[in-house]
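This report looks at how the parts of one protein chain are arranged and where they meet. Please view the sequence and the structure below before reading on.

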Amino acid sequence: MKITFADAAKVDIVAFIVDEGDGLPAGAASLDAASGGLLTEALTGARFDGKKDQQALIVLPKGSDSRRAVLIGGGKPTKRDARILESIGANLVKSHAKSGFKSLAVHVGSAEDAARVALGAKLAAYRFDTYLTKQKADQKPSLTSVTVVVDDAKAAKAAFVPLDAAAEGTMLARDLVNLPPNDLYPASFAAKLKDLSEFGVEVEILGEMEMAKLGMNALLGVGQGSRKESQLGIMKWNGGKPGEDPVILVGKGVCFDTGGISLKPGPGMEDMRGDMGGAAAVTGAMRALAARKAKVNVVGLVGLVENMPDGDAIRPGDILTSASGQTIEVQNTDAEGRLVLCDVLWYAQEHFKPKAMVDLATLTGAIVMALGHHHAGMFTGSDDLADELSKAGMTEGERVWRLPMGPEYDSLLKSKFADMRNIGGRAAGSITAAQFLKRFVKDGVKWAHLDIAGVAWVEGEKAALDVSWASGFGPRLLDRWIAENYED
Ligand code: BES
Ligand code: ZN
Ligand code: ZN
């Protein structure tokens, strides 16, 4: 979708935002007059009264500049936040994508608002249809351009630059999560990381031999039942001062999670193609940061593995020695994400001095029970970091909700045979998973864990921006968090 900003546009479909309970906006007056009052008629003749998500479609007379006019409800102006503006852009694209028309314009008041509407339009135009070979012409989108008409088009364009970069990151994360596990496996994921060098990201990939040298036996244990080689992806964005300590992002990249020998039930297992959602979020964030040339040093680390049952797979009862030297009794091979993350977190702290470190992982089913699909779970000992992430999440509509941690939960990880076991029992499953990770975070490191199992993908279209199974959760939150707290 081509998104542009202009102070006027000649397009197939022209849209105006109507305030709830109000008349036509000033910008619509001339078209209304030229069409003999058809727009006013649409306001008075039916139930349209400007409530959010309402639309009225007007067929314009022959010879008009446009073929259709649309009135779209903006709700009460006092309540018009970023989410509503995004959903205006998104709903316009979704409603008219397959209309047969090619170009749409929407009139928006301020430059900031225009950028948000554009973001919604861009994210809603996302499609994952590469595997659909039988799509008929009328099932494919016809709309190819959206123009946001705004007085100060230059300011709107500037305001859109960082949002556009973040949207590219979101769409990359969506692609990665949507891809099927036969095509997206550790090595092919790693190859996609390499593509980021085009944006100036330095990418390094470690294979199993290199990780074995580093003693990353917990991560390697998860991958040992798979024919696919495990990988560690290291992405560096050096946009800050040379030598300045980086912000570190860590992602769980289980390209497919069968559960291993502790095999998952069959129904729904296909969703575990998305168990690399954390790694996708980190990759998308790196892309966003690089695309907008963020003035900060950031390292993104993704642990890429496939969790398969096999004659060589790890067994319940196996004891793994992690890179940190701590031993782990594997009681459930399906609690594999933490085994991957513990070695990647350790690698991060051995090789860098994190200013702050955030990991993202589709870690537990329990977080879906606790928070459903509208907040990611957040675990951290730092009130400051909790605050920073909560605020960034609110700004971008990728919300996080803090849950507690503490020694009582940590003690549930006791093992008779090793330093810890990899599950904590039935109670507080998301918290014990976070406690497990905390054992691999050195004292004084400002760290948070985000459990994104409930938000990485969505079943059905619930919100305006849900246009594919993969939500692309993460890049916008991380990019905003870094922009507001770690950039000069
Ligand atoms: N990848 C799953 C968690 C998950 C579940 C993500 C549902 C998204 C949707 C993870 O590896 C897992 O299987 N966790 C187990 C942990 C348990 C064995 C302690 C779980 O949540 O059941
Ligand atoms: Zn699992
Ligand atoms: Zn998993």
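The chain falls into two domains: domain 1 covers residues 2–152 and domain 2 covers residues 166–485. The model is predicted. Taken over C-alpha atoms, the centres of domain 1 and domain 2 lie 38 Å apart.

**Where the domains meet**

Sixteen residues of domain 1 are in contact with 23 residues of domain 2. The table collects values for this boundary.

| Item between domain 1 and domain 2 | Value |
|---|---|
| Buried area | about 1,600 Å² |
| Share of buried area on carbon and sulfur atoms | 60% |
| Salt bridges | three |
| Residue pairs in polar contact (both at pLDDT 80 or more) | ten |

By residue type, the side of domain 1 that touches domain 2 divides into eight nonpolar, three polar and five charged residues.

One salt bridge in the model can be named: Arg476 pairs with Glu86. The closest N and O atoms of Arg476 and Glu86 are 3.0 Å apart.

**A three-stranded sheet**

The model also has an open sheet of three strands, in the order β11-β12-β16, with mixed pairing. Which strands stand at the edges of this sheet? They are β11 (319–321) and β16 (420–421). Each of these has a single partner strand, so one side of each is left without a neighbour in the sheet.

Strand β12, made of residues 327–329, pairs with β16 in the parallel sense, and the pairing runs over two bridges. Within this part of the sheet, Ile328 stands opposite Met420, a residue of β16.

Notes:
Residues are numbered from 1 along each chain as its sequence is written. Chains are lettered from A and ligands numbered from 1 in the order in which they are written. This is a predicted model: local features need pLDDT of at least 70, side-chain atom pairs count only at pLDDT 80 or more; totals for chains, interfaces and linings use all residues. Side-chain values use heavy atoms; hydrogens and water are left out. Domain bounds come from an automatic or database domain assignment. Contact means heavy atoms within 4.5 Å. Buried area is the accessible area (1.4 Å probe) that two parts lose on being put together, summed over both. A salt bridge is a side-chain nitrogen of Lys or Arg within 4 Å of a carboxyl oxygen of Asp or Glu. A polar contact is a pair of N or O atoms within 3.5 Å; within protein, one must be able to donate a hydrogen and the other to accept it, and residues adjacent in sequence count only if both atoms are side-chain atoms. Ala, Val, Leu, Ile, Met, Phe, Trp, Tyr, Cys and Pro count as nonpolar, Asp, Glu, Lys and Arg as charged, and the others, Gly among them, as polar. Two strands pair if DSSP finds at least two bridges between them. Helices (H or I, at least four residues) and strands (E, at least two) are DSSP runs, numbered from the N terminus.
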